[in-house]
Amino acid sequence: MVRWMRKAQVAPGKFMEALGFATEIAQYVKKFEGLPPVHVFMDSFGDMTTLRWVVDYESLAAMEKVNTQMMSDQEYFQKIDSSSHVF
């Protein structure tokens, strides 16, 4: 198993908007073939303005397959770019 995790620090006053984006992008990427469930977490202790996306892949090959699809999806990058003001 390979665990992939990405974290982002939420901008002041933007937590709810950032949480909405985090769940929206987790839903959007379901379209990529072979992608296991994407889980969205927020820290419960310390600095609670950190959001995390976590995916558990079966192998590096499985992760690479999905990553290749994502890197060629312009809409994915547009969504990511549109969220820059909340992180």
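Are tyrosine 28 and phenylalanine 32 buried or exposed? In this predicted model, tyrosine 28 is buried, and phenylalanine 32 is buried as well. The rings of these two residues have centres 6.3 Å apart and planes at 80°, so they form an edge-to-face pair, since planes over 60 degrees apart count as edge-to-face.

## A pair across the chain

Phenylalanine 32 also pairs with tyrosine 76: the ring centres lie 6.3 Å apart and the planes stand at 85°, so this pair, too, is edge-to-face. The pair connects distant parts of the chain, for phenylalanine 32 sits in the loop between helix 1 (15–28) and strand 2 (39–42), whereas tyrosine 76 belongs to helix 3 (residues 74–82), 44 residues apart. Both phenylalanine 32 and tyrosine 76 are buried.

These residues are part of one aromatic cluster, which is formed by Tyr28, Phe32, Tyr76 and Phe77. The structure as a whole holds 5 aromatic pairs.

Arginine 3 is found in strand 1 (residues 2–9). Its relative accessibility is 55%, and arginine 3 therefore counts as exposed, because the term applies over 50%.

When neighbours within four places in sequence are set aside, arginine 3 is in contact with Val54, Val55 and Asp56. With aspartate 56 there is a polar contact between the two side chains, at 2.6 Å. The C-alpha atoms of arginine 3 and methionine 42, by comparison, are separated by 17 Å, and these two residues are 39 residues apart along the chain.

Terms used: Residues are numbered from 1 along each chain as its sequence is written. This is a predicted model: local features need pLDDT of at least 70, side-chain atom pairs count only at pLDDT 80 or more; totals for chains, interfaces and linings use all residues. Side-chain values use heavy atoms; hydrogens and water are left out. Helices (H or I, at least four residues) and strands (E, at least two) are DSSP runs, numbered from the N terminus. Buried means under 20% relative accessible area, exposed over 50%, partly exposed in between (1.4 Å probe, protein chains only). Contact means heavy atoms within 4.5 Å. A polar contact is a pair of N or O atoms within 3.5 Å; within protein, one must be able to donate a hydrogen and the other to accept it, and residues adjacent in sequence count only if both atoms are side-chain atoms. Rings of Phe, Tyr and Trp (its six-membered ring) pair if their centres lie within 6.5 Å; planes under 30 degrees apart count as stacked, over 60 as edge-to-face and the rest as tilted.
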